[in-house]
Every structure is written in structure tokens, then in C-alpha cells.
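Subject: Handover of a structure and the findings on it

Dear colleague,

Please find below the structure that I am handing over to you.

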Amino acid sequence: GNWLARIGVLAVVIGVGFFLALAFENNWIGETGRIVLGLVVGAGMVAAGEYFQRRYPAYGQALTGGGVAILYFTIFAAYALYSLIGIYPSIVLLLIISVGAAVQAVRHESVALAVIGFLGAYSGPFILIGASSEGASVISDPNGTQLMAYILAVSLGVLGLSTFRNWSWFTLAGLIGALITYGFWLDHYEPTASLFVAQGGATTIFLIFTGATMLFHLVWRRPPEAFEYSVMFLNALTFVGITYGLLWEDYRAWMGLFTFSLALFYGGIAGAACLWAKEK
């Protein structure tokens with residue numbers, strides 16, 4: 001029953017995304033109306049989740065997570081698709097939603113709420129792109145910087161929550177979500193995006209999830225377990241693979257220096273962890 005509730009809410013999130021894309025193509029509703037509708041549906045699901053939380057916690061958490069996801073990509077659509085708000089207001093709103101989702105997940109001690117909310121947030125823009133016959137051109141920026149900023153904003157929400165809760169499966173789901181959405185971004189925008197944006201985005205995702213997998217243990221002074229080490233290793237491995245794929249053709253002679261620098265980076269983290277443990 002719990003899983004049916006979660007699957008149902010994810011279906012609602014996907015349905016809202018496709019509806020917004022169809023409304024965009026067929027001009028059923030004005031641009032402002034589409035955004036208002038998305039905000040009302042998202043906020044309504046969050047409110048309904050709070051209402052059902054006491055009697056039906058799994059259902060309430062699924063509703064809240066779905067509402068958070070809808071709010072995420074509604075703000076993204078308001079900025080990137082319709083230019084109704086600027087870059088700075090959109091970033092502030094996305095961060096507010098990230099903080100709100102993290103607070104709700106911690107408040108209800110719900111890994112499921114966090115996973116539904118953040119995976120829905122990662123997938124939202126790509127639902128809008130995939131449902132449109134115009135593809136990536138529905139987003140006003142041909143270089144993909146807007147979408148990259150969105151992916152990083154959602155990833156920062158994962159970092160914030162992972163610092164206060166050692167939910168390894170949530171961190172893994174967040175990392176997978178970030179990597180998959182980055183892969184879709186690269187597939188859509190590689191012909192037009194600059195190497196700086198592509199590599200900068202990959203590096204920022206790597207640094208965010210380095211923090212997401214390590215900060216909890218450093219701040220609260222708790223040793224990682226085997227599964228958590230595996231997530232750390234996956235983050236490093238994928239970053240190396242992406243970087244070699246992006247830079248190998250033009251910067252092959254420098255890749256040894258990159259690998260050595262990454263080794264020094266992890267060596268520095270290990271040294272800091274040892275000093276932190278001694279102070280305990």
C-alpha cells in the first residue's frame with residue numbers, strides 16, 4: 001500500500017508535467033495561468049500531505065513529496081520557458097523549496113518524502129522537454145546554462161539534507177538523479193554548450209556530492225559504513241569518467257595532472273578527517 005501511494009503520486013507529477021507541456025504547445029491556458037495552476041496544485045498537494053500525515057503517514061508523505069516536485073519544475077518553467085521571473089528570483093525560490101523539502105523530510109523522519117520530492121524535481125524539466133515536439137528549444141537558453149543551474153540548485157538541496165540526516169539511500173538516489181539529468185543535459189546541449197559549462201557543471205555536481213557523502217560524518221563525527229564508502233567511490237568514479245570523456249580529445253596531455261590533483265584532493269580530505277578524529 002505504501003508503494004502504491006508513492007507510485008501514484010509520481011504518476012501525478014509526471015501527468016502535471018505533460019499537461020504543462022501540452023498547454024504550452026496548444027496555448028490552452030495563458031503563460032501566467034499555467035504557472036499559477038502549477039503553484040496551486042503543488043501547494044495543494046503539500047497541504048493535503050500535512051493533513052493526512054497523522055492518520056495516513058505514508059500517503060501524506062507521498063503527497064508532500066509530489067507537491068514539492070511540482071513546485072520545483074513550475075518555478076523552472078516560469079523562468080526558463082516563459083521568462084516570467086528573472087534568474088535571481090528563480091534561484092531564491094528554488095532554494096526556498098529545497099530548504100522546505102529538507103525541513104519536512106527531517107520533521108517527519110521520512111526518507112521516502114525526500115526521495116520522491118528530489119527525484120521528481122530532477123525529472124521535471126526533462127518531462128517538459130520530452131513532452132514538447134520542439135524538444136530542448138522550449139527552453140530559451142540554447143547553451144543550457146539555465147537547466148544546468150536548476151540541476152545544481154536541486155543538488156544543493158540534497159547536500160543540505162544529507163548534512164543533517166545520514167540517509168545513505170537518499171544520498172545515492174540524489175547522486176543517481178543528478179548524474180542521469182546531467183547525462184540528459186549533455187545529450188541535448190553538447191553541440192551548443194561550451195566546454196566550460198559542461199565541465200563546470202560536472203565538477204560542481206562532484207563537489208556537492210562529495211559534501212553530501214562526507215559532511216555528515218565530519219560534522220557529527222561518525223565513521224562511515226561500507227555502503228557509504230561505496231557511494232563516495234561511485235561519485236569519484238563517475239566524475240573521472242565524465243571528465244575524461246569531455247577533455248580527452250583536446251587535453252589528453254593534461255589528464256595525468258588531473259588524476260594526480262584528484263588524488264591530492266582526497267588525500268587532503270583524509271588528512272582533515274584524521275585531525276578531526278584526534279580532536280575528539
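The helices named in this message are DSSP runs of H or I with at least four residues, numbered from the N terminus. Please note that this is a predicted model.

The largest pocket

Which helices each supply at least two residues of the lining of the largest pocket? They are helix H8 (195-220), helix H9 (226-251) and helix H10 (255-279). H10 provides the largest share of that lining, with 6 residues. The volume of the largest pocket is about 380 Å³. It is lined by 16 residues, and those closest to its centre are His217, Leu218, Pro224, Tyr229 and Ala273.

The packing of H3 and H6

Two packed helices are described by the angle between their axes and the distance between the axes. For helix H3 (residues 57-81) and helix H6 (residues 145-164), the axes come within 11 Å and cross at roughly 155°. Angles over 145 degrees count as roughly antiparallel, and H3 is therefore roughly antiparallel to H6. The crossing of these two helices is right-handed.

On the H3 side, the contact involves Tyr72, Phe73, Phe76, Tyr79 and Ala80. These residues meet Gln146, Leu147, Tyr150 and Val154 in H6. The residues of this contact divide into 8 nonpolar and 1 polar, with no charged residue.

Yours sincerely

How values were computed
Residues are numbered from 1 along each chain as its sequence is written. This is a predicted model: local features need pLDDT of at least 70, side-chain atom pairs count only at pLDDT 80 or more; totals for chains, interfaces and linings use all residues. Side-chain values use heavy atoms; hydrogens and water are left out. On a 1 Å grid over the protein atoms alone, a cavity is a set of points where a 1.4 Å probe fits but cannot get out, and a pocket is an open set with protein on both sides within 12 Å along at least five of seven lines; lining residues have an atom within 4 Å of a point. Grid points are joined across faces, edges and corners, and a volume is the space filled by probe spheres set on the points. Axes are lines fitted to C-alpha atoms, for helices over the stretch in contact, and angles run from 0 to 180 degrees between N-to-C directions. Angles under 35 degrees count as roughly parallel, over 145 as roughly antiparallel, 65 to 115 as roughly perpendicular and the rest as oblique. A crossing is left-handed if the near helix is turned anticlockwise from the far one by less than a right angle, and right-handed if clockwise. Contact means heavy atoms within 4.5 Å. Ala, Val, Leu, Ile, Met, Phe, Trp, Tyr, Cys and Pro count as nonpolar, Asp, Glu, Lys and Arg as charged, and the others, Gly among them, as polar.
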